[in-house]
Amino acid sequence: MSLDVVIVGAGTAGAAAALACAKAGLRTLCVDRRPLAEAGARWVNGVAAAHFDAAGLARPEASELRSAGGLFHLVAGWGPKRVRVARSAVLEVDMRALGARLRALAEDAGAELLGEVSVGTVDGRTLDSSAGLLRARYFVDASGLAGARLLGQPRVRREDLCAAAQEVRRVRDPGAARAYFERNAAAPGDALCFTGIAGGYSIVNVRLEGDEVSLLTGSIPALGHPSGRQLLDDFVAGERWIGEVVFGGARPIPLCAPLARLASENVALIGDAGCQVFAAHGSGIGPGLVAARLLAEALARGEGPRGYAAEWHRRYGRLFGAYDWFRRFSSLLGPADLELLLDSGLLDDESARAGLEQRLPALAPRALPAKLAGLYRARRLAGPLAGLVARRASNRVAEAVTRRTRDRA
């Protein structure tokens, strides 16, 4: 069979790419190493509503949409100091249902999807697989952080990996659950995001949804902290109102800036495979959906994978790079530093909302004097920032020397 596109990975990014490519008239095959019903993430993720719009996809509804709205409490440590974000345009989405919707739409559009297929390497226009040799004009790696590695992309440093865990659990004692949120000055449906409790880049996020509670945790264990899995287990052990698991999972998430090399002549990376993750809070679902559309459009226009990579970096490269710097800086901060950012006004509801929605904050001219005053009040944080800049510069020099030595060899 002669194909235009073979996509490796049938999670949300891969299934969205299969849908977009098939709708663009490209003969498309999407394979996954797992059974199709088990492909992709199996938990709840927050996705900016704007990403569904930019990807040309209907926003989630019914059982696919776990929740929307409610206050988001960004809490320094275990509290009480916090910033409250109202009406952020972030949707809590059941990834199992979203993946199933995208795969069904892709098949309806004419794409072929196959599960339990492992792949090898690309050789020209051929991909070796357990289903035989797959021949196509283009190949797409949507297989995740530790997947097919069709471009031989470098492995992410352990210091740039977030160990995240998410579970939906039963509420064993509704009265005690409500009392917990009351003690923490929040209401059912709000998200309590305790931040910096195990290193600067760490959270325990708790949301009460009827007779269930949604828990999200994450940290960077390579910096000497307990994993998201351990944080979640410890939190549950200390709150007897939380009952058994309904569904969920855990996985490492790349936090580095998106790879500069997202494509070759006939291979493209999307999603976690290309580190297209918003580093400020480790979310890659929305960016993967948008990347799928940009890729399909570039292929349909005859611009190939490199045209897609150029367009993605043009639209999102600087934004994601800027928030990668913020993530690296935030990983150096403790709860007292976060309180200082809150007290200074540098971290306020608009900046927190912008981070949640994966965009730059809007700064009105009249707010500039207050921000400058806040910079002065938070001046002791200049030390960690300067140290970060120095380390990044040193690392880049070392990387350049390594590349030159390798090239000469």
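Is Arg229 buried, partly exposed or exposed, and what is its relative accessible area? In this predicted model, Arg229 is partly exposed, with a relative accessible area of 28%. Its salt-bridge partner is Asp233, and the closest N and O atoms of the two are 3.0 Å apart.

Side chains of opposite charge can pair when their charged atoms come close. In helix H7 (residues 304-330), Glu311 and Arg314 are 3 residues apart, a separation of about one helical turn. Their side chains meet in a salt bridge, with 2.7 Å from N to O. The two ends of this pair fall into separate classes: Glu311 counts as buried at 19% relative accessibility, whereas Arg314 is exposed at 60%.

Asp160 and Arg157 give you one more pair to look at, joined by a salt bridge of 3.3 Å, N to O. Here Asp160 is buried, with a relative accessible area of 4%, while Arg157 is partly exposed at 43%. In total, the structure holds 29 salt bridges. Some of the charged residues are linked in a network: Arg66, Glu92, Arg170, Arg207, Glu209 and Glu212.

Now turn to Asp32, in the loop between strand S2 (28-31) and strand S3 (44-48). Asp32 is buried yet has no salt bridge, and the nearest side chain of opposite charge, that of Arg34, is 4.0 Å away. What, then, lies by the Asp32 side chain? The backbone nitrogen of Ala10 is 2.8 Å from one of its polar atoms, and the backbone nitrogen of Arg34 is 2.9 Å from a polar atom of that side chain.

Finally, look at the surface, where Leu363, Leu368, Leu372 and Leu375 form a nonpolar patch with about 380 Å² of accessible area together. Leu363 lies in the loop between helix H9 (349-357) and helix H10 (368-377), and at 48% relative accessibility this leucine counts as partly exposed.

Key
Residues are numbered from 1 along each chain as its sequence is written. This is a predicted model: local features need pLDDT of at least 70, side-chain atom pairs count only at pLDDT 80 or more; totals for chains, interfaces and linings use all residues. Side-chain values use heavy atoms; hydrogens and water are left out. Patches are made of residues with over 30% relative accessible area and no salt bridge: like charges are joined within 9 Å, nonpolar side chains (Val, Leu, Ile, Met, Phe, Trp, Tyr) within 5 Å. Accessible areas come from the Shrake-Rupley method with a 1.4 Å probe; for residues, only the protein chains shown count as cover. Helices (H or I, at least four residues) and strands (E, at least two) are DSSP runs, numbered from the N terminus. Buried means under 20% relative accessible area, exposed over 50%, partly exposed in between (1.4 Å probe, protein chains only). Lys and Arg count as positive and Asp and Glu as negative; His and the chain ends are not counted. A polar contact is a pair of N or O atoms within 3.5 Å; within protein, one must be able to donate a hydrogen and the other to accept it, and residues adjacent in sequence count only if both atoms are side-chain atoms.
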